[in-house]
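Open the coordinates beside the text and follow along.

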Amino acid sequence: MQIHSASLPNYLATITRYRDLISQLVRREFSTRYRGSMLGVLWAVVNPILTVLIFSFLFGTIFKARWGSEPSSNGTFVIIALVGMIIHGIFAESLGQAPNVILGRPSYVKKVVFPLEILPIVTVVTALLNAAATMTVVLAANGILNGSMPITVLLLPVVLVPFIFLVGGVVLFVSAIGVYLRDLAQIVNFLTMATLFLAPVFYPISVVPANYRFLLYLNPLTFIIEQSREVALFGHLPDWSGLTIYSVIAFAFAWAGFWWFQRSRKGFADVV
């Protein structure tokens, strides 16, 4: 029986070794998603622009929403809310696809030499590329709205790296369980909805009563959403101590997810 290593450094080495294959699979995901449409992959740019315009009209013109109790323009609320939605979108898209990552690709499972552990990474990378297109539009709109972009926006990738590791670990874990538990997709749908409303996406955490804020911080998206706004919109440095703690937890999740995936994969071919 083949023994699959559960070492996280070995996993990173595997990702590096198969980076060309990962790139090909990501391109295939994009081409499949937009196949048959008139604009093709241009929808990856058009969709974010339409999202910004619709949210600007809905929250800015109709609801005249503002962020918390501080005076702010309607456009500011839209930009702040969209940054939160983008972070949640990475998590929701990755997690939403996770139950079928292995289950939906039986031909890959039957190939003895195929590195199944890269399939969850393809899902995460695809979600990141979609989010990157939207984030680019949102940051450009913020620059136009305020006349400039803060230099701290360059730290946004630093803030997102541990979050990406955490999402990768969750996808590895869920994709392995999804092979054996076919109802998992329904549970995942509820969790993605819950994480949206139990995170400061449409409201600042300051409006939540102090006694209940710890519930929001149990949500792994809350800290990253706040820190992303700090560096990308408000021109503040990230909370380095908090980011360090988050990183340790995220890397632990990544290793645990990979460990579970490797221990579970020996039964994939019998179930798929």
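Rings of Phe, Tyr and Trp (its six-membered ring) pair if their centres lie within 6.5 Å; planes under 30 degrees apart count as stacked, over 60 as edge-to-face and the rest as tilted. With that in hand, look at Tyr-180, Phe-261 and Phe-268, which form one aromatic cluster. Across the whole structure, a search finds seven aromatic pairs.

Before going further, a word on the model itself. This is a predicted model, in which local features need pLDDT of at least 70 and side-chain atom pairs count only at pLDDT 80 or more, while totals for chains, interfaces and linings use all residues. Residues are numbered from 1 along each chain as its sequence is written, and side-chain values use heavy atoms, with hydrogens and water left out.

Now back to the seven aromatic pairs found in the search. One of them joins Tyr-11 and Phe-258: the ring centres are 4.1 Å apart and the planes meet at 15°, so this pair is stacked. Tyr-11 sits in helix H1 (residues 8-17) and Phe-258 in helix H11 (residues 240-264), so the pair links distant parts of the chain, 247 residues apart. Helices here are DSSP runs (H or I, at least four residues), numbered from the N terminus. Are these two residues buried or exposed? Tyr-11 is buried, with a relative accessible area of 4%, and Phe-258 is buried as well, at 2%. Buried means under 20% relative accessible area, exposed over 50%, and partly exposed in between (1.4 Å probe, protein chains only).

Helix H11 also takes part in another pair. The rings of Phe-165 and Phe-251 have centres 4.7 Å apart and planes at 85°, so they are edge-to-face. Because Phe-165 lies in helix H7 (residues 156-180) and Phe-251 in helix H11, this contact ties together parts that are 86 residues apart in sequence. Phe-165 counts as partly exposed at 25% relative accessibility, and so does Phe-251 at 34%.

Stay in helix H11 to find Gly-242, which counts as buried at 15% relative accessibility. Its C-alpha atom is separated by 9.6 Å from that of Gln-227, 15 residues apart along the chain.

Gln-227 brings us to H10, where it is among the buried residues. Helix H10 (residues 220-232) has 13 residues and reaches 19 Å from its first C-alpha to its last, close to the 18 Å expected at 1.5 Å a residue; the expected span is 1.5 Å times one less than the number of residues. H10 is mostly covered, with eleven of its 13 residues buried, including Phe-223, Glu-226 and Arg-229.

Technical notes:
Helix = DSSP H or I, 4+ residues; strand = E, 2+ residues; numbered from the N terminus.
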